[in-house]
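Please keep the view open as you read, and take the points in any order you like after the opening one.

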Amino acid sequence: MEITLNKLNNTEGVIKIRLTEGDYQPHVEEKVKDYSRKANIKGFRQGKVPAGVIKKMFGKSILVDEVNQVLTHKLTEYIRENNLKILGEPLPNQELARQIDWDSQKDFEFEYQIGMIGDFQYNLSKDDKVIAFPIEVDDKVINETIEDLKIRFGKVSYPEASEAGDNLFGELRSAETKEDGEPAFKKEFLSINTNKVDKAVQPKFLGVKKDDVVEFELEKAFTNKEALTELLGESEAEAKAVKGPFQFKVANVTRTQPAELNQELFDRVFGKDTVTTEEEFIAKVRETIAENYQRESQHFLDHNIEDYFLANTNIDLPEDFLKTWLKARSDGKVTDAVLEEEFDAYKRSLKWDIVKNRIADDHNISVASEEVRDRAKQLIISQFGGQAFADQIADRLDGITDNYLQHEDGQNFMKLYNQLRSEKILNYIKEQITIEEKKVSVDEFRKITAEHTH
């Protein structure tokens with residue numbers, strides 16, 4: 001057997017494997033004997049089928065299987081022993097493979113295209129600086145949140161005609177139609193809050209009743225992009241593309257009387273007797289908002305760390321190989337058009353994974369299976385009612401956790417494992433670099449994240 005690597009450049013190469021009869025024939029003979037012992041063929045007693053009969057009936061398929069087994073083993077061994085940092089899997093030269101004459105050929109030659117990670121260095125010290133944007137929860141946010149809670153838990157009525165602040169439920173359809181006469185855009189079950197309609201257009205939505213039809217220009221009625229995306233349930237880019245004259249057929253009008261700031265509201269928001277005074281309620285709202293915004297701020301910091309390392313770490317990738325490999329393993333789902341649209345995002349994600357993996361290897365960052373079990377228990381408890389639930393099922397929690405982690409062939413286990421590993425790597429990075437904090441308001445944070453681009 002002869003294995004050689006022909007490096008085409010720093011990130012791509014071809015592994016050639018030459019097999020002689022002595023490399024695979026002992027495996028073939030052993031498999032023929034195994035078939036002879038187990039085959040159930042008419043005219044022969046089981047376990048007494050002659051080797052010649054087995055070779056005549058199954059010889060070629062046995063040969064192909066055993067050659068492929070030897071190839072797979074030797075290829076994996078060569079990559080490991082030579083410490084090749086490959087991406088994806090080796091791609092066999094199919095044209096060369098098709099030329100093989102399995103009936104008469106004794107020696108074989110195979111080629112595998114491989115993609116490799118170019119050698120790279122990363123910086124990880126206090127000289128590396130990343131900005132964090134902790135969000136200050138001011139009284140404006142608190143008051144807006146409390147007003148929203150009062151509306152959410154308020155008393156709903158159904159007036160005959162709409163007023164400002166009412167919600168209209170119904171069907172939205174564009175005036176533009178497709179070839180079959182159907183609207184180019186249609187949403188059958190949609191809610192419009194009249195206060196979110198631009199003031200100039202709002203009168204069209206006031207005084208309307210069930211079965212009334214309101215005609216308006218969508219982009220003039222909803223100039224606020226957040227209100228538009230919320231209304232349509234589409235991404236920002238998709239929502240911006242929806243324009244022109246529309247009709248809204250009213251199916252129902254609802255009006256909400258805000259809830260009073262009393263114990264009933266406190267209990268409905270946070271659970272019975274969790275807070276008992278207005279001061280405690282406001283403090284709890286502030287605490288909850290702060291926790292939510294802290295998660296958002298930390299998520300954006302993680303994203304900024306990723307940006308920093310990708311911008312300051314030079315990694316050569318075998319782009320041509322990766323495109324070929326992605327298409328080859330996709331069963332036709334990945335086309336040139338798909339690659340044109342999505343390859344940059346894939347490449348970015350791959351580079352970040354490479355950096356994180358190198359940091360984890362260099363600094364012995366790992367995750368124990370017990371850590372995954374503990375995270376799964378926390379997740380199960382939080383989803384089903386907190387500590388009270390945990391106390392009720394204490395004797396069954398381990399079994400429930402095992403079932404959860406084994407679900408879908410262990411996919412839940414791997415998902416939590418990867419989450420924990422990524423968290424550990426990011427936490428380690430944060431300990432080594434300098435994080436400069438710049439406190440911002442909620443509106444400022446929203447503006448910063450909206451303007452953030454790769």
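1. Aspartate 273 sits in the loop between α8 (263-270) and α9; helices (H or I, at least four residues) and strands (E, at least two) are DSSP runs, numbered from the N terminus. Its relative accessible area of 45% makes aspartate 273 partly exposed, where buried means under 20% relative accessible area, exposed over 50% and partly exposed in between (1.4 Å probe, protein chains only). Phi of aspartate 273 is near 60°, a positive value in a residue other than glycine.

2. A word on what you are looking at. This is a predicted model, in which local features need pLDDT of at least 70 and side-chain atom pairs count only at pLDDT 80 or more, while totals for chains, interfaces and linings use all residues. Residues are numbered from 1 along each chain as its sequence is written, and side-chain values use heavy atoms, with hydrogens and water left out.

3. Aspartate 211, in the loop between β8 (186-193) and β9 (213-217), has a positive phi of about 80° although it is not a glycine. For background, most residues other than glycine have a negative phi.

4. Now return to the start of this neighbourhood. Which residues does glutamine 263 contact, leaving aside its neighbours within four places in sequence? They are Asp273, Val275 and Thr276, with contact meaning heavy atoms within 4.5 Å. Glutamine 263 lies in helix α8 and counts as partly exposed, at 27% relative accessibility. For a sense of distance, the C-alpha atoms of glutamine 263 and glutamine 25 are separated by 83 Å, and the two residues are 238 apart along the chain.

5. Phe321, Leu322, Trp325 and Leu326 of α10 are buried. Seen down the axis of α10, these buried residues fall within an arc of 130°, so they line one face of the helix; the arc is that of the directions from the helix axis to the C-beta atoms. On the other side of α10, Asp320 and Ala328 are exposed. The buried residues of α10 pack against β2 (12-19), β3 (86-92), β4 (108-116) and α11 (336-362).

6. Next, the interior. A nonpolar core here is a set of buried Ala, Val, Leu, Ile, Met, Phe, Trp, Tyr and Cys residues joined through side-chain atoms within 4.5 Å. The largest nonpolar core has 30 residues, of which Ile305, Phe309, Leu322, Trp352, Ile359 and Ile429 touch the most other members. Two or more residues of this core come from each of β3, β5 (129-132), α9 (278-312), α10, α11 and α14 (397-432). The most come from α11, which gives 8 residues. Apart from this core lies another, of 25 residues, among them Ile15, Ile62, Leu84 and Met116.

7. How do α9 and α14 meet? Their axes come within 11 Å and cross at roughly 75°, the axes being lines fitted to C-alpha atoms, for helices over the stretch in contact, with angles running from 0 to 180 degrees between N-to-C directions. That makes α9 roughly perpendicular to α14, a label for angles of 65 to 115 degrees (under 35 is roughly parallel, over 145 roughly antiparallel and the rest oblique). Gln298, Leu301, Asp302, Ile305 and Phe309 of α9 make the contact with Leu426, Ile429 and Lys430 of α14.

8. Helix α11 also packs on α14, at an angle of about 75° with the axes 10 Å apart, which makes α11 roughly perpendicular to α14. On the α11 side the contact is made by Trp352, Lys356, Asn357, Ile359 and Ala360, and on the α14 side by Arg421, Ser422, Ile425, Leu426, Tyr428 and Ile429.

9. Finally, a strand residue. Is lysine 155 buried or exposed? At 66% relative accessibility, lysine 155 counts as exposed. Lysine 155 is in strand β6 (residues 155-157) and touches Arg255, Thr256 and Gln257, not counting residues up to four places away in sequence. The C-alpha atoms of lysine 155 and threonine 256 are separated by 5.4 Å, although these residues are 101 apart along the chain.
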